[in-house]
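Here is a short report on one protein chain. Look at the model first, then read on.

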Amino acid sequence: MENVKSNWKSSIRDGEYRRKESIFRRFIGDDGLDAESGRYHLYVSLACPWAHRTLIFRQLKQLQNHISVSVVHPDMHAQGWSFEHTAESQSLYGTTGDILHDRHFLSECYKATDQEYQSNITVPVLWDRTAGRIVNNESSEIIRMFNGAFNELTGNYDDYYPTALRTDIDEVNDWVYHSI
């Protein structure tokens with residue numbers, strides 16, 4: 001796990017954070033990844049705007065009863081995001097602990113998916129409870145899945161990624177993601 005911390009630090013030079021590409025990029029709808037109630041779990045930090053937008057989409061698309069959530073502690077440790085959960089951390093930071101596996105660090109989810117994983121431990125993470133692995137850890141892709149993959153399940157067909165605006169949305173997202 002020491003490599004995870006050192007890799008995280010290597011992305012910062014002269015005070016500038018250089019974002020690495022997300023590694024886990026599967027989509028609900030891919031082979032074997034069906035949109036099922038209770039199958040998926042979202043790991044987030046309330047301190048992370050990228051994770052926060054997945055929570056917003058979960059709410060907008062009425063997925064609260066279909067996709068459960070665990071909230072990590074906002075402090076980073078040598079092993080990444082912690083599931084520290086006390087009455088104080090719940091009150092101050094909204095932490096929940098790992099409600100699925102009672103793990104201590106989010107890095108354990110990454111290692112459960114890929115024992116050789118050596119890159120950033122990031123949020124959000126969309127977890128497949130059936131397969132016991134990460135589906136995706138890229139917020140823009142998670143919100144795209146939330147936008148349409150569960151429409152039949154929820155009956156909510158609101159579209160926040162309309163075809164006519166996708167190019168513009170993708171350009172703005174790319175600029176914000178890599179520049180801010």
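The largest nonpolar core has 36 residues, and Tyr40, Leu42, Leu106, Tyr110, Leu126 and Phe146 touch the most other members. Such a core is a set of buried Ala, Val, Leu, Ile, Met, Phe, Trp, Tyr and Cys residues joined through side-chain atoms within 4.5 Å. Buried means under 20% relative accessible area, exposed over 50%, and partly exposed in between (1.4 Å probe, protein chains only). At least two core residues come from each of E3, H2, E4 (67-71), H4 (107-113), E7, E8 and H5 (139-148). Helices (H or I, at least four residues) and strands (E, at least two) are DSSP runs, numbered from the N terminus. In soluble globular proteins, nonpolar side chains tend to be buried together.

This is a predicted model: local features need pLDDT of at least 70, side-chain atom pairs need 80 or more, and totals for chains, interfaces and linings use all residues. Residues are numbered from 1 along each chain as its sequence is written, and side-chain values use heavy atoms, without hydrogens or water.

Now take strand E7 (residues 125-128). Val125 and Trp127 point one way, Leu126 and Asp128 the other, and all are buried. Strands pair if DSSP finds at least two bridges between them.

| Partner of E7 | Sense | Bridges |
|---|---|---|
| E3 (residues 40-44) | antiparallel | 4 bridges |
| E8 (residues 133-136) | antiparallel | 3 bridges |

Tyr40 stands opposite Asp128. Leu126 has Asn136 in E8 as its bridge partner. E7 and E8 form a hairpin with 4 residues between them. In the turn, Gly132 has a positive phi of about 70°.

Leu60 lies in helix H2 (residues 49-60). Leu60 counts as partly exposed because its relative accessibility is 36%.
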